[in-house]
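Take a moment with the sequence and the structure below. Turn the model slowly and look for open spaces and for strands lying side by side.

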Amino acid sequence: MSLALDPQAISTAVSRLADSIFEASADGNIDLVGIRSRGDEVAERVFCLLKEKGANVRLGVLDISLYRDDFEHLHENPKLQSSEIDFPVDNSHIILVDDVLFTGRTIRAALDALFDYGRPGSVQLAVLIDRGHRELPVAPNYVGKILETNRLDHVLVRLKNTDGEDALEITSKK
Amino acid sequence: MARKDFLDIVSLDREEIIHLLDQAKPFKDLFTRSVKKVPALNGKTVLMLFYEPSTRTLSSFEVAAKRLSADVTIFDVPHSSVTKGESVRDTIDTLQAMRADYIVVRHRLSGQPAAIARQTGASVINAGDGAHAHPTQALLDAFTLREVHPELPGKKVLIMGDILHSRVARSTSTILDKLGVEVAYCGPGSLVPHTRFKRFTNFDEAMRWGPDAVYLLRVQKERQEAPFYPSDREYHSVFGVTQERLKRISEEGIYVMHPGPINRGVELCDDVLDYERCLIPQQVENGIAARMSVLYGLKPQTS
C-alpha cells in the first residue's frame, strides 16, 4: 500500500478543480451536483471555493445506488440515501462532481439518475482524480489530478468530513 | 448477507428493522419527482399470489414493484386452477417454471408463506397469513409513527379493537415493542387476549394511560363465526371513536392510525377522517415506500 497523495496534494487538486470550473464559467452561474459518497464532499469543497471567488453557485447531491449496473452482483445492497437537488434540473447547466473517475460506470448511472429529475440544458463532468481505464465513452471536463494506475489497483480516497482525514492510497494487486 | 424472504417481524432484529425504515425514506422522496420510478429491479419478475381478497395491499405491492421497474404478474387465484383443486405446492411448481424472482403471498392459513419460501429459490414476501403476521403493514406503521415521533423509545401506542383475530395487531405490536414503544390493547373482553402487553376493556381507562397514538383495527366480521359483540352500534358506542371521544383525542394531541379498510360508524365516526392528526392517508403512501424498501433489500436465490 502506498500513500499517493497527502492532505496538501488533495487540497491543491480541489483548488485546481475550482479554478478551472470558475475560469470556464461565462456568467458565474454554476450548478454543481455531487455523487454520493465522497463526490458530494468534493462538490461541497469546490462549492465553498467558488463562493469565495464570488460565483453564484448552487449545490445538489445525487445518490446513484438505485441506478447501478452491478446490483445483482453485490452481496449486500448499497446503503441508500436520499438525493437532494433543490433547484430545477430542466434547462440548467449542471456539472457532475465525483471523487475518482475509473471505468465511467458511475457516471453512466449518475446521468440516468439526473435525467429522472428533468432535462438539463447541458451536463459536464468534474473529477478530483482521473485514474484512467475507462470502459465507457466518458471523458471529464475538469480534472483535479491525473494518476497513472494499473487496471487492478485499488484506489482509495479518504476525505475529511466523510472519513476524518484527507488521503489517497493505492493498493496494488500482485 | 441479505435475507431471501420477508415472512414476519419476530425474526428481525432491531438493526434490520431500523435499516428497512431508514431505507424507506429515500424511496418516499421519489414520489414527489415527476419520474417516480428507478431501475433497481429492472428485468425482475414479481408474482402476486393472493388467496384472500385484498385491494389495498395488492395494489400497494404492485405500485411498489413497478416503481422499482420490476415486471408484475398478478396470479388470479379466484379464476385459476386452484378452484379446480390444485394444491399450493403444485401451483408453486408451476410458478417456478415462470422464473419469478419474488413471490408476494397472502393466504388464510398461518405459515403458508413460510412453507412456500422453503419450496422456492424466489424471495417470498408475506402479505398477510391468517391471524399470524402482516409484516409489511407493521413496517409501514412504524415508519409512519416515526415520521411524527422521530424518537420512538418511550412513546405509547394503544391498539384498539379486535386484537384476537388481527395479524396486524400481532405484527405491529411486535415491531413497536422492538423499537422501544410501549404497547397496550383495548377492546371488548372477548376480543382482547391476555398477553404481556397492558390490557384495557374500557376506553376511558385506556385514555388515562396517556397514549401518543391510538391505532384502530377493523372489526373482522369474516373471521368471526359467531359475533363477539352484540351489534355494530353497540361496538361504536363502547369502543368506537365517536365525536365525543375524538374531541378528547384532539385535545390531548393524540395521533390516530388505521390499517384500512375502515368501517365508518363502527370503529370510527366520519369526523376522524378530517382530524388533523389522522395518519390514515400517510399510512397508505408510506406503505408503498416500505414495500419498496423490503423488495429492494431481499436477495432471491434464483440464478
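How many nonpolar, polar and charged residues does the lining of the largest pocket have? By class, there are 13 nonpolar, eight polar and 15 charged residues. Keep in mind that this is a predicted model. Its scores are ipTM 0.80 and pTM 0.90. For chain B, the mean pLDDT is 93. In that chain, 97% of the residues reach 70 or more.

Stay with the largest pocket. It holds about 1000 Å³ of space. Its lining consists of 36 residues. Nearest the centre lie Arg68(A), Asp98(A), Asp99(A), Val100(A) and Thr106(A). Now find the elements around this pocket. Strand 4 (93-101), helix 3 (105-115) and strand 7 (154-158) of chain A each give two or more residues to the lining. Which element gives the most? The answer is helix 3 of chain A, with five residues.

Next, move to chain B. The second largest pocket has about 680 Å³ of space, and 31 residues line it. Look for Arg56(B), Thr57(B), Arg106(B), Gly260(B) and Pro261(B), which lie nearest the centre of this pocket. Four helices of chain B give two or more residues to the lining: helix 2 (56-67), helix 5 (135-148), helix 6 (167-178) and helix 10 (280-297). The largest share comes from helix 10 of chain B, which supplies six residues. By class, this lining divides into ten nonpolar, 13 polar and eight charged residues. Two domains of chain B take part. Domain 1 (14-134 + 285-297) and domain 2 (135-279) each provide at least three residues of the lining.

Now return to chain A for a sheet. Three of its strands form an open sheet in the order 1-8-7, with antiparallel pairing. Why is one side of strand 1 (2-5) and of strand 7 left without a neighbour in the sheet? Both strands of chain A stand at the edges and have a single partner strand each, so one side of each has no neighbour there. On average, neighbouring strands of this sheet are turned by 30° against each other, direction ignored.

Strand 1 and strand 8 (residues 167-171) of chain A run antiparallel, and three bridges join them. Which residue of strand 8 is the bridge partner of Leu5(A)? That partner is Leu168(A).

How values were computed:
Residues are numbered from 1 along each chain as its sequence is written. Chains are lettered from A and ligands numbered from 1 in the order in which they are written. This is a predicted model: local features need pLDDT of at least 70, side-chain atom pairs count only at pLDDT 80 or more; totals for chains, interfaces and linings use all residues. Side-chain values use heavy atoms; hydrogens and water are left out. pLDDT is the predictor's confidence in each residue, from 0 to 100. On a 1 Å grid over the protein atoms alone, a cavity is a set of points where a 1.4 Å probe fits but cannot get out, and a pocket is an open set with protein on both sides within 12 Å along at least five of seven lines; lining residues have an atom within 4 Å of a point. Grid points are joined across faces, edges and corners, and a volume is the space filled by probe spheres set on the points. Ala, Val, Leu, Ile, Met, Phe, Trp, Tyr, Cys and Pro count as nonpolar, Asp, Glu, Lys and Arg as charged, and the others, Gly among them, as polar. Domain bounds come from an automatic or database domain assignment. Two strands pair if DSSP finds at least two bridges between them. Axes are lines fitted to C-alpha atoms, for helices over the stretch in contact, and angles run from 0 to 180 degrees between N-to-C directions.
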